[in-house]
Amino acid sequence: MGLRDPPYGLGLVEPALQALHEGGWLARDALIVVEVEKGFAGVLAAPFVVEDERVYGESRVLFLRYNN
C-alpha cells in the first residue's frame, strides 16, 4: 500500500499526541482534530478521549478531548 496525503501508516499519531502532552502544549479540555486512515487501529492513551469521529472516503477524522 502506497502512502497517501497525509502520510498514513507511519505510526505518527501516538508519538505526536504524547509529545504535545509531555511538552505541556495543550490546555485542559483542548479539542484536537486528527486525520488518520480509515482503518486506523492505533491506541490513543489517556488523557486523550475520542469525542466524535467521521469517515470521508479513505480518511477518518478523530475529534479528541484532552482531559488532563
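Because the model is predicted, local features need pLDDT of at least 70 and side-chain atom pairs count only at pLDDT 80 or more, while totals for chains, interfaces and linings use all residues. Residues are numbered from 1 along each chain as its sequence is written, and side-chain values use heavy atoms, with hydrogens and water left out.

The protein chain contains one helix and three strands; here helices (H or I, at least four residues) and strands (E, at least two) are DSSP runs, numbered from the N terminus. Read from the N terminus, the order of these elements is α-β-β-β. The C-alpha trace spans about 35 × 20 × 15 Å along its principal axes. Of the contacts with a separation of 6 or more, 51% are between residues 24 or more positions apart, where contact means heavy atoms within 4.5 Å.

The interior may be considered next. Buried residues make up 26% of the 68 residues; buried means under 20% relative accessible area, exposed over 50%, and partly exposed in between (1.4 Å probe, protein chains only). A nonpolar core is a set of buried Ala, Val, Leu, Ile, Met, Phe, Trp, Tyr and Cys residues joined through side-chain atoms within 4.5 Å. The largest such core has 12 residues, among them Val 13, Leu 17, Val 36, Phe 48 and Leu 62. Helix α1 (13-22) and the strands β1 (31-37) and β3 (59-66) each supply at least two residues of this core. Beyond its neighbours within four places in sequence, Val 36 is in contact with Tyr 8, Val 13, Glu 58, Ser 59, Arg 60 and Leu 62.

Charged side chains are the last topic. Side chains of opposite charge can pair when their charged atoms come close. With a salt bridge taken as a side-chain nitrogen of Lys or Arg within 4 Å of a carboxyl oxygen of Asp or Glu, the count comes to three. In one of them, Arg 65 pairs with Glu 51, the closest N and O atoms being 3.1 Å apart. Arg 65 lies in strand β3 and Glu 51 in strand β2 (residues 48-56), so this pair ties together parts that are 14 residues apart in sequence. Arg 60 forms a salt bridge with Glu 53, at a closest N and O distance of 2.9 Å. Arg 60 counts as buried at 15% relative accessibility, whereas Glu 53, at 38%, counts as partly exposed. Arg 54 and Asp 52 form a salt bridge with their closest N and O atoms 2.9 Å apart.
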